Amino acid sequence: MSKTVLMVGTRKGCFLLESDEARRDWELRGPFCEGWPVYHAIHDAVSGSIYAAAASEWHGASVWRSPDLGETWQQSSEGLNYGDAELKLSKVSGLTAVDGRLFAGAEMPGVFESRDGGETWSLLSTLAGQPGSESWNDPANQPPGHLGVPAILPHPDDASRYWAIVQGVGIFETTDDGVSWTPRNRGLRADWPIENPEVGYCVHKLLMSPVDHERLYQQNHVGMHRSDDSGQTWTEITNGLPTEFGFAAGVHPHDRDTFYVIPLDPGHGRCMPEGRAAVWRTRDAGSSWERLADGLPQSNAHVGVLREGMAVDSYDEPGVYFGTSTGQLFASADAGESWTEIASYLPAIASVEVAVVD
Amino acid sequence: MAELHLPSTLAPLFVGLPRRLEVDAATVAEALDRLEERWPGFRDRLCEPGPVLRRHIHVYVDRQRAGLDTTLDGRSRVDVIAAISGG
């Protein structure tokens, strides 16, 4: 019987929740990673290991790894630096495991890889020379929290092809394993002045349909967007959503037209509108949206969900999960139709990922 | 041998690393080198590339604020402090 494992990255360490295929009852373990702030925790289906990108105020950035679903942990940051005192690595965030490789996105912007299961790391690219790169390492141009590469999206069929988000700049694609990059932001909208139309977009979340690798989705600072040509061009699909702003999103494992988002109020609040929690789903590639809220709090629920705060599992009827920046974790075992709060008092949640483990 | 005192946050990261240990070193940097040899990755937790001490890691030698190049003698006491905290 398969196990369903949730990996939850929080302000105070990584937590794991386990259930069976029914996904009704959950057992919680943690905190792991010595309570370090964990920005993203993932499961590598090839090795079976869990990896957690963390950054301690005292001891710096590192990637923790557990080969045994959380029983034992080690951390390493060997090679996880720019080798240059001018370029400081303040944080690792977006982790991706593909074909026996691990990718990590970093602040300041950089893409690192590990080929030995996270024991050592090497810099693949800083995307130097790309439009926008002349200013993205200048502290005077940086918002609080700095700019970085929060996420890397691999192509399942081509190990040398992947996409990287640079915060506040946009998406870049490489087809030669990080040697060269091309901006992929055509069709995106910006509510601010842009000098070069190729870059200057605030991409929050980028996803690919597991069943159609041409089909990408993104939640942007200003709108939901879809691409049917691997990111060459984008079409806005915000119409029907309560707000254009949000961070988290998820794709259906078997239907390329079904996609989940959590719209938030823009501005400083960045909580779900009107204090009523909801996930929104399209089943027609963004032509229409439906509000899913059965079991979610519908009054005084001023909660937000961050970029990596949502996940969808791979069962025939997929489970959908999200964690809030105030520590509540919600699960649906019926593709979002109904929801249950499965943890109520976690530290602030930065990431939720799910794995089905045999 | 200088007497080195480490913050509680370090010991869980390295198997067998004690809170207090004695090190034969002429400077603070050399003391960290000795620990790096025994516990690979140790220096990364206290230093950024340069190397320079991480912003919130403070080192005191005989109760005086010190740097990586501060000299040690056989009677020095070295305190490594994780200098800030929060809720």
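## Basis

Residues are numbered from 1 along each chain as its sequence is written, and chains are lettered from A and ligands numbered from 1 in the order in which they are written. Because the model is predicted, local features need pLDDT of at least 70 and side-chain atom pairs count only at pLDDT 80 or more, while totals for chains, interfaces and linings use all residues.

## Chain B

Chain B has two helices and seven strands; these are DSSP runs numbered from the N terminus, helices being H or I of at least four residues and strands E of at least two. Along the sequence the pattern is β-β-α-α-β-β-β-β-β.

A compact globule of 87 residues would have a radius of gyration near 12 Å, and chain B agrees with 12 Å. That radius is taken over C-alpha atoms, and the globule rule is 2.2 Å times the number of residues to the power 0.38. The C-alpha trace of chain B spans about 35 × 25 × 25 Å along its principal axes.

In chain B, 24% of the 87 residues count as buried. A residue is buried if 20 or more other C-beta atoms lie within 10 Å of its own, exposed if 12 or fewer, and partly exposed in between, with C-beta atoms placed from the backbone.

## Nonpolar cores

The largest nonpolar core has 104 residues, and A:Val8, A:Ala52 and A:Tyr321 are among those with the most contacts inside it. Strand 5 (residues 50-56) of chain A gives the most to this core, with six residues. A second, separate core of 19 residues includes B:Leu4, B:Leu10, B:Leu13 and B:Leu46. Such a core is a set of buried Ala, Val, Leu, Ile, Met, Phe, Trp, Tyr and Cys residues joined through C-beta atoms within 7 Å.

## A sheet in chain A

Four strands of chain A form an open antiparallel sheet in the order 20-21-22-23. Strands pair if DSSP finds at least two bridges between them. At the edges are strand 20 (245-251) and strand 23 (290-292) of chain A.
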